[in-house]
Amino acid sequence: MNTGKVDVLLGLQWGDEGKGKVVDVLTPRYDVVARFQGGPNAGHTLEFEGQKYVLRSIPSGIFQGDKVNIIGNGVVLAPDLFMDEAKDLEKSGHELTSRLHISKKAHLIMPTHRILDRALEAAKGKNKVGTTGKGIGPTYTDKVSRNGLRVGDILENFDQKYAAHKERHMKMLKALGWTDFEGFDDVEKKWMEGVEYLRRFHIVDSEHEVNKLLRDNKNILCEGAQGTMLDVDFGSYPFVTSSNTICAGACTGLGIGPNKVGNVYGIMKAYCTRVGAGPFPTELFDETGKKIRDLGHEYGAVTGRERRCGWIDLVQLRYSIMVDGVTELIMMKSDVLDGFDTIKACVAYKLPDGTVTRDFPYEIDNVEPVYKELPGWKTDMTKFTSEDQFPKAFADYIKFLEDELETRIGIISIGPDRDQTIVRK
């Protein structure tokens, strides 16, 4: 029996690779766009027709007319932040309630989860992970410890369920010695308004819906949040997020079998960035790093935090391509490197004992990047409309990356706008 397929779109680095723009470029090919993990701690920025939008929980296919958009069971949802995001979109003329479907099994981020996030981070002292403080970690912790509150719970006896969960969190906060509850009542009031707002949407058994859509031969694009190196199993642990950001997360976060996965699109920047704490072998602390940050506007879409910047890391990318099963690469922000005389790429790591490896090791705290230098292209590519216009040095850079990563680069972004996207032949 023929069924539709699920293509998966993932970030291959430490997040912030530009997934939102790519989803927006790819969605015309699909009937459905689905988010499968993560929460409002990461923003997908889209720019078109002179407008800039930052999506946190709502799938990036929402701008494509009649597409169905699904928030899957693997997502954690904050009703108040979701309400703000949805109302902003509605103000700009994008009707949501008929096209956005939310899984009953998605877990709710409670106001007390955010306080727990701050309290637990403070308790770590100098070993802070650098969370966004949005309550993501504590919500996933409740999920795996079988104490979670889910979207489906708002449909029946919700006040009792909420009160019981809140009481448990308050006991935990007391045990941590936490006393800062300033503004909590206002946050909680708005959160409850968000719960009421959520009730307007299609709250569904998303696993049944997704598989029925596949049986009806619909094509689905699964949108991941963050990046592979923030995966709770395969990322640079413990400086990771609390969910599976890799391709396998699309199966558990939507309830689809692995045999339903078609293409896996891996998104990378032409360089590398990271937000918050954690190891970053190719990080640059010099003027070059600052120049990349300024040219690439490398500041968090949600937090405004300055991103750490460095050269592209091919050891790390090969690892991500392997664990995700990437079938095609998409390279973002190539234009940021337009003005450099020399481009560097990390091709191997030198380990503390002096050995050199091309494999991604268990610990990357003390590795030294081994670089290959390539000539820069020194050309403004932002107005190009075809790969035939690429300067030779840039075409050579693409070929070098494809050879090193053993994967084709199918799409290249040369600017933030929807139109600044070159699909290669």
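**Exercise 1. In which handedness of crossing does helix 2 pass helix 6?**

A word on the ground rules: this is a predicted model, where local features need pLDDT of at least 70, side-chain atom pairs count only at pLDDT 80 or more, and totals for chains, interfaces and linings use all residues. Residues are numbered from 1 along each chain as its sequence is written, and side-chain values use heavy atoms, with hydrogens and water left out.

*Step 1.* Find the two elements: helix 2 covers residues 79-91 and helix 6 covers residues 184-198 (helices are DSSP runs of H or I with at least four residues, strands are E runs of at least two, and both are numbered from the N terminus).

*Step 2.* Get the geometry. The helices pack at an angle of about 60°, with axes 7 Å apart (axes are lines fitted to C-alpha atoms, for helices over the stretch in contact, and angles run from 0 to 180 degrees between N-to-C directions). That makes helix 2 oblique to helix 6 (under 35 degrees is roughly parallel, over 145 roughly antiparallel, 65 to 115 roughly perpendicular, the rest oblique).

*Step 3.* Read off the hand: helix 2 passes helix 6 in a left-handed crossing (the near helix is turned anticlockwise from the far one by less than a right angle; clockwise would be right-handed).

*Step 4.* Look at who touches whom. Helix 2 contributes residues including Phe 82, Met 83 and Ala 86, while helix 6 brings, among them, Val 187, Trp 191 and Tyr 197 (contact means heavy atoms within 4.5 Å). By class, this contact has nine nonpolar, one polar and six charged residues (Ala, Val, Leu, Ile, Met, Phe, Trp, Tyr, Cys and Pro are nonpolar, Asp, Glu, Lys and Arg charged, and the others, Gly among them, polar).

**Exercise 2. Classify the ring pair of Phe 82 and Phe 201, then check the surroundings.**

*Step 1.* The ring centres are 5.2 Å apart with the planes at 70°, so the pair is edge-to-face (rings of Phe, Tyr and Trp, its six-membered ring, pair if their centres lie within 6.5 Å; planes under 30 degrees apart are stacked, over 60 edge-to-face, the rest tilted).

*Step 2.* Check accessibility. Phe 82 is buried at 0% relative accessible area, and Phe 201 counts as buried at 5% (buried is under 20%, exposed over 50%, partly exposed in between, with a 1.4 Å probe and protein chains only).

*Step 3.* Ala 86 is buried at 0% relative accessibility and touches Ile 58, Leu 96, Tyr 197 and Phe 201, not counting residues up to four places away in sequence.
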